[in-house]
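Here is a short briefing to keep beside the viewer.

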Amino acid sequence: MVATDEELVAKSMDGDVDSFNQLVLRWERPIYALAYRVIGRDEDARDVAQETFLRAFRALPGFKGQAKFSSWLYRIALNLCRDWIRRKKRTPVVDMPEGVDIAELASEQGPVESIEDLVARQEMSRIVAQGMKLLPDEQRTAIVLKEYHGLTFQEIADLQGCPLSTVKTRLYQGLTVLRRHLESQGMTSYESGKES
Amino acid sequence: MSIKFTCEDKQTLIAYLYGEVDQETRQAVDAHLASCAACEKEVTALGDVRSELGLWVPPEVELDFKIVKKSELPSATVLRPARWWNAVPVWAQAAAAILVLAAGAAIANVRVQSGPEGFSVSTGWMRPAAVAAPIATPNDEWKPALVALEQQLRNEIRSTRDQGARLSAASASAPIDDVMIRRVRQMIAESEQRHERALAMRLIEFQRDVNVQRRADLVNISRGMINNYDQLQQQRQTINNLIRVSSTPQQ
């Protein structure tokens, strides 16, 4: 039987480091993905993710359980991302891996996806990442939390410290900017194109 | 009372897009979209954007974060160049120290001699100094007098022995002159002082030679350590590069 976050948190607060490491194992990937999409740099996203768990571990005695453990982690990670962006004083840059062997990737994907499809998908991923880079931090963070982490409007509002209506506005404005960017890059409708 | 949706209500539109509306609002939006081509197109386009956002996937990286208790950490967490002398046993260090001293003494050509005149120490590649050789000092006026005094003393001792022999032969003994004893003692004291001065000078010279040799050895050791440290740094850099390259996500 898999222990819940709350059970692991309770054991961790009693000094059980292994329980906390189970939480780390469970949440390291989402936290890294959040940091990567907000910051846009692999190395810095790793640092932010690692620092998130270190701070969480140190602050664990002060965690009262008002919020979900994951929300608490997201808050720490977002604060670190905000600090990183402020410190760097620049817009996030998305680094795309270079020198990737397309044929090797295609073989990993199996026979369903052709090399042409894979190349096209990579190109679209790059365009999406570029579009996200155009957004203000608040809009990008709101979209990341909603699209990739499935948070509710209210949870995003709590994390961003803003009214519910502001979250909806940020999402609408962000998606609209992305839509224009994708259309300008010829990506009007990938999914619709596949269906048609 | 039914809910009415308008084209300007973007907040409700975005909530509809993400499915966070109640049943009544959903029906109102559906009804509006059925009659408003612009809103219907916008909802479709934003839905496509959401689909395309799914294409952006972070690289697959090996994270493996772990909280480790301090007590579980190895005692030495910082890599430092190993001190070679830590691996040498104590007895070997002692033997090496004796060897170095012996080598230093050999280099300095230290000679320790004992004779009727007492101990003498000489150093350097020079002929061993005569024990009784006078030490050059600016004020040497007392030396001739001392030599004359010594000669006189020897003569007197010799004559005393002769007299003593004659007296003993005659079964008669005479008390030793107190003045003579004092003079002998004084001469012995002066001789000891001379030897002490000479010994001090030899020791100073020996110490200076050892220091020179020690400095030269330290310079050589330091150069060797610097070379070893540079090589270690290069190896560490190479390992770090390999680790970085091996941990780079492959897409």
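Two residues are in contact if their C-beta atoms, placed from the backbone, lie within 7 Å. With that cut-off, 56% of the contacts in chain B between residues at least 6 apart in sequence join residues at least 24 apart. Please keep in mind that this is a predicted model. For the complex, the predictor gives an ipTM of 0.79 and a pTM of 0.54.

**Chain B: layout and confidence**

- Chain B contains 6 helices and 2 strands, and from the N terminus on its elements run α-α-α-α-β-β-α-α.
- Of the 251 residues in chain B, 9% are buried.
- The mean pLDDT of chain B is 76, with 69% of its residues at 70 or more.
- Where pLDDT is low, the predicted coordinates should not be read in detail.

**Where the chains meet**

- On the chain B side, 27 residues are in contact with 43 residues of chain A.
- The elements giving two or more residues to this side of chain B are α1 and α3 of chain B, and α3(B) provides the largest share, 8 residues.
- By class, the side of chain B that touches chain A has 17 nonpolar, 7 charged and 3 polar residues.

**The largest nonpolar core**

- This core has 58 residues, and those touching the most other members are Ile31(A), Ala35(A), Val48(A), Leu73(A), Ala77(A) and Cys81(A).
- Helix α2 (residues 17-39) of chain A gives the most to the core, with 11 residues.
- In soluble globular proteins, nonpolar side chains tend to be buried together.

**Helix α6 of chain A**

- Helix α6 (residues 115-134) of chain A has 20 residues and should span 28 Å at 1.5 Å a residue; its end C-alpha atoms are 29 Å apart, which agrees.
- The buried residues of α6(A) are Ile127(A), Val128(A), Ala129(A), Gly131(A) and Met132(A).
- Their cover draws on both chains, including α7 (137-148) and α9 (164-184) of chain A and α3 (37-53) of chain B.

- Val167(A) lies in helix α9 of chain A and counts as buried because 26 C-beta neighbours are inside 10 Å.
- Not counting residues up to four places away in sequence, Val167(A) touches Ala142(A), Phe153(A), Ile156(A), Ala157(A), Gln160(A) and Cys162(A).
- Lys146(A) is 21 residues from Val167(A) in sequence, and their C-alpha atoms are 9.9 Å apart.
- Phe5(B) lies in the segment before α1 (10-17) of chain B and is buried, with 21 other C-beta atoms within 10 Å.
- Setting aside neighbours within four places in sequence, Phe5(B) is in contact with Thr12(B), Ala28(B), Val29(B) and His32(B).
- Gln27(B) is 22 residues from Phe5(B) in sequence, with a C-alpha to C-alpha distance of 9.5 Å.

Definitions and conventions:
Residues numbered from 1 in each chain as written. Chains lettered and ligands numbered in written order. Predicted model: local features only at pLDDT ≥ 70, side-chain atom pairs only at ≥ 80, totals over all residues. Core = buried A, V, L, I, M, F, W, Y, C linked by C-beta atoms within 7 Å. Buried ≥ 20, exposed ≤ 12 C-beta atoms within 10 Å, placed from the backbone. Helix = DSSP H or I, 4+ residues; strand = E, 2+ residues; numbered from the N terminus. Expected span 1.5 Å × (residues − 1). Nonpolar A, V, L, I, M, F, W, Y, C, P; charged D, E, K, R; others polar. pLDDT = per-residue confidence, 0-100.
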